[in-house]
Amino acid sequence: MDMSSGDLNAPHSMGTTIIGVTYNGGVVLGADSRTSTGMYVANRASDKITQLTDNVYICRSGSAADSQIVSDYVRYFLHQHTIQLGQPSTVKVAANLVRLLSYNNKNSLQTGLIVGGWDKYEGGKIYGIPLGGTVLELPFTIGGSGSSYLYGFFDQVWKEGMTQEEAEKLVVKAVSLAIARDGASGGVVRTVTIDKDGATRKFYPSETLPLWHEELEPQESLLDILSTASPEPMIS
Amino acid sequence: MSSIGTGYDLSVTTFSPDGRVFQIEYAGKAVDNSGTVVAIRCKDGVVMGVEKLIASKMMLPGSNRRIHAVHRHSGMAVAGLAADGRQIVTRAKSEATNYESTYGEPIPVKELAERVASYVHLCTLYWWLRPFGCGVILGGYDRDGPQLYMVEPSGVSYRYFGAAIGKGRQAAKTEIEKLKLSEMTCRQGVIEVAKIIYGVHDEAKDKAFELEMSWVCDESKRQHQKVPDDLLDEAKAAAKAALEEMDAD
C-alpha cells in the first residue's frame, strides 16, 4: 500500500471553497477550513475569512502565504486611510487596494480573494479579485478549487434581495456541497455576516452539515462497524 | 493697521516677540490686494465667482482664467499672485489623481483641502522657500454633499458656508451673511454672487473687470464647470440692474 503522504515541503495551499453573497442589508462571506500541503492536511480548522477593518472582511484562497501577506498589507493601508479620512473606509477602497497589490505583483503571487463588507454610502458590497488582479463588483461570487462544483448550483438558486437568514443558509449549503466533492476543501464551515451594525462570526461543525449523495455517516472508529458482540477473552 | 516688523520680518523662519511670523502676514497682503473672489455653498451645490481686473485693453476676454478645475467634482478659485496659484492648482490636481489611482474613488473634498493646506503650510517652514502669495477657495461635491473650503497663505484651512477674499472681501462677506444659503439653489446663487461682485467693485479705483463664474451642483450633474453662458448673461444683467437701482437711490 502506498503510504506516501505527499510532499511535506510543498508550500501550504488552501485548496478551498470561498463564497461571498449580498443580501438585503449586508453581505455574508463563507469558507471551508482545509489548508493542505500536497496531500497532507496541514490545518483542518483554518480561518480563511480575515478581518481588514471593522466593516470589511476578506476571503482568502490559493497560496496561504501570499494571501496572508496581501491581507496584512491591505489592513495596514486601510488603517492609515481611516485615520486620514476620519471615518471608516469604504468596501470599494479596500477592494482597490487589494487589486493593486494583486495586479502589480501578478508574476509572484498566486491568490484569489473575495472582499466583502458594508459602508454607509453603498451598503453591502462584494468584490471578486481573482488571480490576475481583475476587480469585479458582483451581487455574489465564488472562488477556490471547490467553486468549480458550485457554478450550476448558484445559477439555479441565486436570487436578489434575500433575507439574512436565506443568505446564510445558502452559503452554508454551498460550502458543504463543495466540501463533499472537492478533495482540497473540507473541515468546518465558517461564515461572517456584515451589516450596518458590524460583523458576526458563525461556525458550523462538520456534524451539523447535511450528508449529500452517497456520503457515508461519519464514524468514530472502524471497530464500530465490526459485530457488536465482543470476542471471547483468550484464556491460557 | 499694519505694524512694521523692523528686523523680525526678514525671514519666514523668524518669530516676532509677540509671536507673529511677519512674512506670512505680508504674503496675505498680496491676496488682499487682488481682485475679489466670492464663493457660496447653496443647498444643492457650490457657486464661485471672481472679479477679474483687466490690466490692459489689449487682453483677450476669457483669457487669464482664475478658476481652475481640479478634478471632475471640484474646482479652485485663486486670488493673489497668479503664478503661485498655478502651482497650487497643479499640486491639487496631482493629489486628486494620485488618490483616485490608489484608492479607486474620487478624492473626498475634505481630504483634498487638507492636502492643499498641508502643501501651502510646508512652504512656510523653510527659509529657502517663500510662502505662497495667494489664497485659494476650493469648492467640490462628493458623497458627503457640496463643500466649500478656503486655504490661506499661512496654510490654515476652514470649511465655510460662504467665503470671500481679495479687495472687496469685507463688503462681500457682509452681503453673503444676508443671504439664506440653506434655502437657495445654485441657479439663484449664481445671480446673487454676480450681484455681490458687481456691488463690491470699486469703479473709481479700478478700471474694467470681467466676471468669471463656475459652479458644481445637482444641475451640473455634480461636475465642476463654467456657469452656462445664458445663465451668466442673466446674472450679469441682474447685477447691473441691481447696481442702477442702488445708484438711483
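Visitor: In the hairpin of strand 6 and strand 7 of chain B, which residue in the turn has a positive phi?
Guide: This is a predicted model. Strand 6 and strand 7 of chain B form a hairpin, with 5 residues between the strands. One turn residue has a positive phi of about 100°. That residue is Gly155(B).

Visitor: How many residues lie between strand 5 and strand 6 of chain B in their hairpin?
Guide: Strand 5 of chain B spans residues 134-142. Its pairing with strand 6 of chain B is antiparallel, over 7 bridges. Within that pairing, Gly139(B) stands opposite Leu148(B) of strand 6. The number of residues between the two strands of the hairpin is 2.

Visitor: Why is strand 6 of chain B described as largely enclosed by the rest of the structure?
Guide: Strand 6 of chain B runs over residues 145-151. Buried means under 20% relative accessible area. Strand 6 of chain B is largely enclosed because the residues that are buried number 7 of the 7.

Visitor: Is strand 4 of chain B mostly covered or mostly uncovered?
Guide: Strand 4 of chain B takes in residues 74-80. Of its 7 residues, 7 are buried. The strand is mostly covered.

Visitor: How many bridges join strand 3 of chain B to strand 4 of chain B?
Guide: Strand 3 of chain B covers residues 67-71 and runs antiparallel to strand 4 of chain B. A hairpin joins the two through 2 residues. Ala69(B) stands opposite Gly75(B) of strand 4. The bridges between strand 3 and strand 4 of chain B number 4.

Visitor: What is the bridge partner of Ser74(B) in strand 5 of chain B?
Guide: Strand 4 and strand 5 of chain B run antiparallel. They are joined by 7 bridges. In strand 5 of chain B, the partner of Ser74(B) is Gly140(B).

Visitor: How many disulfides are there over all chains?
Guide: A disulfide needs two cysteine sulfur atoms within 2.5 Å. Cys186(B) is in no disulfide: the nearest cysteine sulfur, that of Cys42(B), is 4.2 Å away. Over all chains, the count is 0.

Visitor: Is Cys186(B) buried or exposed?
Guide: The cut-off for buried is under 20% relative accessible area. Cys186(B) has a relative accessible area of 0%, so Cys186(B) is buried.
The relative accessibility of Cys59(A) is 0%, so Cys59(A) also counts as buried.

Visitor: Which three residues supply 46% of the area that chain B buries against chain A?
Guide: The contact takes 14 residues from chain B and 11 residues from chain A. Between them the chains bury about 1100 Å², with 47% of it on carbon and sulfur atoms. On the chain B side, three residues supply more than any other three. They are Tyr103(B), Glu111(B) and Arg143(B).

Visitor: How many residue pairs are in polar contact between chain B and chain A?
Guide: Salt bridges across the interface of chain B and chain A come to 0. Polar contacts are counted with both residues at pLDDT 80 or more. The number of such residue pairs between chain B and chain A is 5.

Visitor: Which helix gives the largest share of the side of chain B that touches chain A?
Guide: Helix 2 (82-103) and helix 3 (109-122) of chain B each supply at least two residues of that side. The largest share is 5 residues. It comes from helix 2 of chain B.

Methods: Residues are numbered from 1 along each chain as its sequence is written. Chains are lettered from A and ligands numbered from 1 in the order in which they are written. This is a predicted model: local features need pLDDT of at least 70, side-chain atom pairs count only at pLDDT 80 or more; totals for chains, interfaces and linings use all residues. Side-chain values use heavy atoms; hydrogens and water are left out. Buried means under 20% relative accessible area, exposed over 50%, partly exposed in between (1.4 Å probe, protein chains only). Two strands pair if DSSP finds at least two bridges between them. Contact means heavy atoms within 4.5 Å. Buried area is the accessible area (1.4 Å probe) that two parts lose on being put together, summed over both. A salt bridge is a side-chain nitrogen of Lys or Arg within 4 Å of a carboxyl oxygen of Asp or Glu. A polar contact is a pair of N or O atoms within 3.5 Å; within protein, one must be able to donate a hydrogen and the other to accept it, and residues adjacent in sequence count only if both atoms are side-chain atoms.
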